[in-house]
Amino acid sequence: MRTAVGYPAAHQLLRRAQLELDAADASADPQTAFLHAHMAAIRTASAVLAIAPGAPRRRRRVLSVWEQLAEAGPAWERWAATFAAGAPVRAAIEAGRLPELDERVAAVALDSARDFHDEVRATVREAETVAVPSLAS
């Protein structure tokens, strides 16, 4: 029998990411949907960082969540690149410099955020299983 140690911070971040995904799904506005999808990805990446092993080290500069995610391991590099590419779009929307956003762009961002969330959720579950030794009865 195995019991889960749990990763409360990762689970909380994944729940918050799910709320962002739900908000993106509910939005009829592509810009709003994109923003929620991107925020879901940020929260999901933060969940990865919450469980990522690694010793703290001194930084030369502040790293974005996408740079940190890429450093968390090769499995996360593709996701980091995907969402880093969307960061300028998010910034432009937030600054009011992007009057329109194609619905397909928002849909792709949302699909990517969902897939990333699913992968991270599975990774957290697996990490919990591996972190707890089997108990003999």
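How do the residues of the lining of the second largest pocket divide into nonpolar, polar and charged? I get eight nonpolar, four polar and no charged. My classes: Ala, Val, Leu, Ile, Met, Phe, Trp, Tyr, Cys and Pro are nonpolar, Asp, Glu, Lys and Arg are charged, and the others, Gly among them, are polar.

**Ground rules.** I'm working on a predicted model, where local features need pLDDT of at least 70 and side-chain atom pairs count only at pLDDT 80 or more, while totals for chains, interfaces and linings use all residues. Residues are numbered from 1 along each chain as its sequence is written, and side-chain values use heavy atoms, with hydrogens and water left out.

**Pocket.** I noted a volume of about 170 Å³ for the second largest pocket. A pocket here is an open set of points on a 1 Å grid over the protein atoms alone, where a 1.4 Å probe fits, with protein on both sides within 12 Å along at least five of seven lines; lining residues have an atom within 4 Å of a point. The volume is the space filled by probe spheres set on the points, which are joined across faces, edges and corners.

I found Phe34, His38, Phe83 and Val105 among the lining residues. Two or more lining residues come from each of α2 (30-51), α4 (74-95) and α5 (103-131). Helix α4 gives the largest share, five residues. I take helices as DSSP runs (H or I, at least four residues), numbered from the N terminus.

**Salt bridges.** I counted seven, a salt bridge being a side-chain nitrogen of Lys or Arg within 4 Å of a carboxyl oxygen of Asp or Glu.

I looked up Arg43 and Glu20, which pair at 3.5 Å, N to O. Arg43 sits in α2 and Glu20 in α1 (residues 8-26), so this bridge ties together parts 23 residues apart in sequence. Both are buried, meaning under 20% relative accessible area, with exposed over 50% and partly exposed in between (1.4 Å probe, protein chains only).

Next I checked Arg114, whose bridge to Asp25 has its closest N and O atoms 2.3 Å apart. That pair links distant parts of the chain, α5 and α1, 89 residues apart. Arg114 also meets Asp111 at 2.9 Å, N to O; these two are three residues apart in α5, about one helical turn.

I have Arg114 as partly exposed at 28%, Asp25 likewise partly exposed at 43%, and Asp111 partly exposed at 39%.
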